[in-house]
Amino acid sequence: MAVDQATPDTHARQLAGLDALELGGGTRGGLAPRIWGRVWPMVLAVGMVVAIWQAVVWAGFWPDYVFAGPAEVVPVLGDRLTSGEYWEAIGVTMRRAVTGFAVSVLVGLVLGALVSRIRVLRAAFGSLITGLQTMPSIAWFPLAILLFGLTESAITFVVILGAAPSIANGLIGGVDYTPPILLRAGHVLGFRRLQLYRHVILPASLPSFLAGLKQGWAFAWRSLMAGELVVIIAHQSSLGERLYYDRELADSAGLLATMIVILIIGIGVDLLFETADNSLRRRWGLQQVRN
Amino acid sequence: MTAPLRERTDSRIQGGEPAVRLDGVSKIYGQGKNGLLALDNVSLSVGQGEFVCMLGASGCGKSTLLSLVAGLDSPTAGRIGTEGRRIAMMFQEPALFPWLTVSANVEMAMRVQGVAKRERQTRAAEFLEIVHLGGFGDKRPHELSGGMRQRVSLARALAQDADVLLMDEPFGALDAMTRDLLHDELERIWRERGLSVLFVTHNVREAVRLGDRVVLLSSRPGRVVEDFPVTLDRPRHTDSAEVAKIAGAITGRLREEVMRHGS
Ligand SMILES: Nc1ncnc2c1ncn2[C@@H]1O[C@H](COP(=O)(O)OP(=O)(O)O)[C@@H](O)[C@H]1O
Ligand SMILES: [Mg+2]
């Protein structure tokens, strides 16, 4: 009999030793350096944009009252952000964005789940959903105004048409690209049909679904701005409506200030999605190697 | 360590009958002229409590055969009998769910059986203990090394409380030392549970180290060409002279089989 015969105990210790060797200590940096690492490129980018903007103003292609410079816009922006009225306008726009997006998520989920699950629906609507994404949202407004009049419903309608297809497509793509090996593993574990869908396919679709949500938000935000410019509702000030009147009154500084607000909101929400995406990638071990 | 499993005196297991039985099984991928005959008239059985290793060149249909036994695919012709036994399968990759913790991955095996959550958790901890990963239940799969993931996969397969364990080159990607240790673990678990194992590999020594029998599959189409009984005493050692001798004989036969394709 071999002399080097291992007892269960030495086994466990050898395995534990090998495990410890293979598990290099992976550490993430502290919070402050990570935030700083994100912030300084943004500061740099903003600085560069402002510099270019100022340079164009100084070049004098347009008179001051047509194209205002940063020096005029920043005080106007400050004024507006300290007025309650302006915040009400922001509030109206955000309420529309949130409700429109929420309904889009609901519609996208149901649509995506049905189309990814049912073969006939896939054949019938699969390419239609992708086609809808290419439709410029502004092209829906004449119809929306005919159907709903100059009301908030017209805007919401177009926001949903803009966002829901992306969200549905995200889910469908995730379902289609579920790694076959995970499907096989699920099958061997005894999951079938709906259970397989719930426990394996849906969770596996999450990264793609999140990407769909992010894109859906971008479309929703664009459609909403288009809608607020086209559908002016009396006694309900909104960001788009402010933009409209600033142009009517040729208030260049005010117009640019509102555009900055719109941009910042869009970027802010996008950052939220990116944070969610990053944390998912970290938990799943899907991070790209950073160079 | 006490076994967290039911007693193996189940009525579903009839004594004497093989645990897995393939009768003239063929599998053709695709249709008509373009069809690929992956398996041709394969007959094979794995006895109750037997450890059968299957050897064959790459692409000879080993994975196909396991998929058929696991019910992931159906044969074009022939019959596969498992007499209602529960079948677990381990793949070449760990195939763990990245959105679940290690413990939750093992628990997934008990979900379908409707085991209550509390009990699932305690049992998952026990199965992880068996593969010496007791402290790792809260980790995510990607935080573990390849060998550890494959052990989680083994724990998950064991948690299915199956009678038959199908293994598709489970240790192919591991370094030799880890593999040796896992051979010992697998042998111990197989014995304690009275499992019937069908173990696919292209490593001849591994097959001789583990198997009661080593079945040799030919390539294109896959057929059973020879069935070597291995009667060495256990535990065996991969590097021992006895194992090397039998492995040498089998390798010779495998060479002949491969050369048949060259001419
Ligand atoms: N789903 C499939 N569709 C078509 N051909 C397949 C499929 N799976 C395997 N094959 C083919 O069948 C043959 C056997 O494959 P496989 O069972 O994976 O071999 P092994 O596991 O022995 O390497 C190979 O030629 C492979 O290309
Ligand atoms: Mg294979």
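Residues are numbered from 1 along each chain as its sequence is written, and chains are lettered from A and ligands numbered from 1 in the order in which they are written. Because the model is predicted, local features need pLDDT of at least 70 and side-chain atom pairs count only at pLDDT 80 or more, whereas totals for chains, interfaces and linings use all residues; side-chain values use heavy atoms, with hydrogens and water left out.

**View 1. The interface of chain A and chain B.** Contact, defined as heavy atoms within 4.5 Å, involves 31 residues of chain A and 39 residues of chain B. The two chains bury about 3,100 Å² between them, and carbon and sulfur atoms give 68% of this area; buried area is the accessible area (1.4 Å probe) that two parts lose on being put together, summed over both. Of the area that chain A buries against chain B, 21% is supplied by A:Leu15, A:Val188 and A:Leu189, more than by any other three residues.

View 2. The interface holds one salt bridge, the term denoting a side-chain nitrogen of Lys or Arg within 4 Å of a carboxyl oxygen of Asp or Glu. A:Asp19 and B:Arg151 form a salt bridge in which the closest N and O atoms are 2.8 Å apart. On chain A, the side that touches chain B draws two or more residues from each of α1 (8–22), α8 (180–188), α9 (193–230) and α11 (252–284). These elements are DSSP runs numbered from the N terminus, helices being H or I of at least four residues and strands E of at least two. By class, this side of chain A has 15 nonpolar, nine polar and seven charged residues. Ala, Val, Leu, Ile, Met, Phe, Trp, Tyr, Cys and Pro count as nonpolar, Asp, Glu, Lys and Arg as charged, and the others, Gly among them, as polar.

**View 3. The two domains of chain B.** Chain B is divided into domain 1 (18–85 + 163–263) and domain 2 (97–161), with bounds from an automatic or database domain assignment. Their centres, taken over C-alpha atoms, are 26 Å apart. Domain 1 of chain B places 14 residues in contact with 11 residues of domain 2 of chain B. Between them these domains bury about 890 Å², 73% of it on carbon and sulfur atoms. B:Leu182, B:Ile189 and B:Arg193 supply 38% of the area that domain 1 of chain B buries against domain 2 of chain B, more than any other three residues. The count of salt bridges between the two domains is zero.

**View 4. The surroundings of ligand 1.** A polar side-chain atom of B:Tyr29 lies 3.4 Å from a nitrogen atom of ligand 1. Backbone atoms also approach the ligand: a backbone N or O atom of B:Cys60 is 3.2 Å from an oxygen atom of ligand 1, and a polar backbone atom of B:Gly61 is 3.0 Å from an oxygen atom of ligand 1.

**View 5. Backbone geometry in two loops.** Most residues other than glycine have a negative phi, and most peptide bonds are trans. The peptide bond from B:Arg234 to B:Pro235 is cis, with omega near -5°. B:Pro235 belongs to the loop between β9 (224–229) and α7 (241–262) of chain B. A:His235, although not a glycine, has a positive phi of about 60°, and this residue lies in the loop between α9 and α10 (239–248) of chain A.

Conventions:
A polar contact is a pair of N or O atoms within 3.5 Å; within protein, one must be able to donate a hydrogen and the other to accept it, and residues adjacent in sequence count only if both atoms are side-chain atoms.
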